Amino acid sequence: MAPTATKNYTVQSPLKKSAITGTAVIMEMLSGGLFMENVKMEKQRTSLPYPRIIRQTLKQGLKGYWAGFWPWGFVLGMTKGSVLGGARAVLLDLCENKLGMDQKRADVISGFGAGAVQGVFMSPILLARTRVNQSLTERAAQAAAQGKKLETGLLTEMRMSSVVLNDAIRQEGIGMLATGLPTMVMKRTLDWGTRYLIIGKYKDYFRERKGGAKLNDMETLAASFLGGATSCAITMPVDRMMPVLQAAGASGEGIVPFLKKKIAAEGVGTLQRGFFMRAVHTGYHTMFAIFVADKIYTALS
C-alpha cells in the first residue's frame, strides 16, 4: 500500500498556471528576450562580434528588435510557456502530495518531467519555424540576385509559411515534423531539470547567508536568473546541436556527415559559440517562466 502523504505543496490549477506561464513568456520575449535570442542565433551563425550584430539588428528599429515574433515566435513562446507551467503544476502535485517526496526532490523531478513534456510540443513547431525561415532566406537571396525585393509583411509571411510547410510535408511525409524529436525531448528535460536543481542550490546558499530566514522577492528572482544562466554550462552543447540536426534534415544530408563537416570547417568550439548571450537570455527567460509566473499566479489567487 502506498504511504499517505501530507500535502506540502499548495495545488495550483494546471490550466490557470498554463495560461499565466505562457503569458509570462510572451512578456519576456517582448521585453528583450526575443532580441537576445536573435542575437545569440546570429552569433552562432556568423561568428561576428556582439556589438556589430547588435548594431545591425537595432538599425531596423522595432522590426529588428522583435524580429521573428509573429507568427512563429508567438506560437513557440506561448506553447513552451503554457506547456511548462501546466505540466509542472500537475507533476509537482503528483511528486509532493501523491508520492510524498520532499520539496527539493519534487522540484527537480517535476522540472525534468515538465521539460520533457515541453520538448514533445516544441519540437515540431521549432522545426517548422526553422524550415520556413530557411526558405524565406533563400527566396530573398534569389530575389536580390534578380534585382528584385521579396515582398514581406505579416499576411505574406503567414501565406508563405503555409506553402513551405505543405510542400515539405508532401515531399517528406508528416514524419518530417518529428525530425530531432528525441534530441529536443532530451534537451528540454536536461534544460529544466538542471535549472531547477541549480536554482535550489542558489536558494540554499542565500538562506544560509541569512541564517535560514525566508528569502525575499529579490533573492528568489536572483536565484531564478542565476540558476538559468549557470545551467548553460551543462546544456550549451546540446543547444548548439539542435539547429545542426534541423539543417541536416532540411539538406537531406545525414546528421553525422553534416556535423563532421561543420566541425571540420568551424572547429569544436562551434558547440560553445554564443555562450554569453545564451547564458544571459536563459537566465532572463527562467526568471519570467518561474519567478514572474509565480508572482502573477499568487496575485490572481
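Residues 24 or more positions apart account for 80% of the contacts in the chain with a separation of 6 or more, where contact means heavy atoms within 4.5 Å. This is a predicted model, in which local features need pLDDT of at least 70 and side-chain atom pairs count only at pLDDT 80 or more, while totals for chains, interfaces and linings use all residues. Residues are numbered from 1 along each chain as its sequence is written, and side-chain values use heavy atoms, with hydrogens and water left out.

The chain has ten helices and zero strands. Helices are DSSP runs of H or I with at least four residues, strands are runs of E with at least two, and both are numbered from the N terminus. Read from the N terminus, the order of elements is α-α-α-α-α-α-α-α-α-α. Of the 301 residues, 45% count as buried. Buried means under 20% relative accessible area, exposed means over 50%, and partly exposed lies in between, with a 1.4 Å probe and protein chains only.

Val-164 is found in helix α6, residues 154-172. With a relative accessibility of 9%, Val-164 is buried. Leaving out residues up to four places away in sequence, Val-164 touches Arg-131, Val-132, Ser-135 and Arg-139. Val-164 and Ser-135 are 29 residues apart in sequence, and their C-alpha atoms are 7.2 Å apart in space.

Ser-224 belongs to helix α8. Is Ser-224 buried or exposed? Its relative accessible area is 1%, so Ser-224 is buried. Apart from neighbours within four places in sequence, Ser-224 is in contact with Ile-199, Gly-283, Thr-286, Met-287, Ile-290 and Phe-291.

Val-280 lies in helix α10. At 26% relative accessibility, Val-280 counts as partly exposed. Val-280 touches Met-36 and Phe-225, again not counting residues up to four places away in sequence. Between Val-280 and Gly-228 there are 52 residues of separation in sequence and 8.4 Å in space, C-alpha to C-alpha.

Aromatic rings come next. A pair of aromatic rings is described by the distance of the centres and the angle of the planes. Here, rings of Phe, Tyr and Trp (its six-membered ring) pair if their centres lie within 6.5 Å; planes under 30 degrees apart count as stacked, over 60 as edge-to-face and the rest as tilted. A search of the whole structure finds eight aromatic pairs. Why does the pair of Phe-35 and Tyr-65 count as stacked? The ring centres of Phe-35 and Tyr-65 are 5.3 Å apart and the planes stand at 20°, so the pair is stacked. This pair links distant parts of the chain, 30 residues apart: Phe-35 is in helix α1 (residues 14-46) and Tyr-65 is in helix α3 (residues 62-65). Phe-35 is buried at 13% relative accessible area, whereas Tyr-65 is partly exposed at 23%. Together with Trp-66, Phe-35 and Tyr-65 form one aromatic cluster.

A ring can also have a charge over it: NZ of Lys or CZ of Arg must be within 6 Å of the ring centre and within 35 degrees of the ring normal. The charged end of Lys-16 sits over the ring of Tyr-297, 4.6 Å from its centre.

The last topic is empty space. Rolling a probe the size of a water molecule over the atoms shows where empty space is left. On a 1 Å grid over the protein atoms alone, a cavity is a set of points where a 1.4 Å probe fits but cannot get out; a pocket is an open set with protein on both sides within 12 Å along at least five of seven lines, and lining residues have an atom within 4 Å of a point. Grid points are joined across faces, edges and corners, and a volume is the space filled by probe spheres set on the points.

There is one cavity of 30 Å³ or more. The largest cavity holds about 70 Å³ of space. Its lining residues are Lys-17, Thr-21, Leu-84, Gly-85, Arg-88, Tyr-196, Ala-289, Ile-290 and Asp-294. Helices α1, α4 (69-98) and α10 (275-300) give two or more residues each to this lining.

The second largest pocket has a volume of about 1,100 Å³. Of its 34 lining residues, Gln-103, Asp-107, Lys-203, Thr-220 and Asp-294 are the closest to its centre. Which helix gives the largest share of this lining? Helix α7 does, with eight residues.
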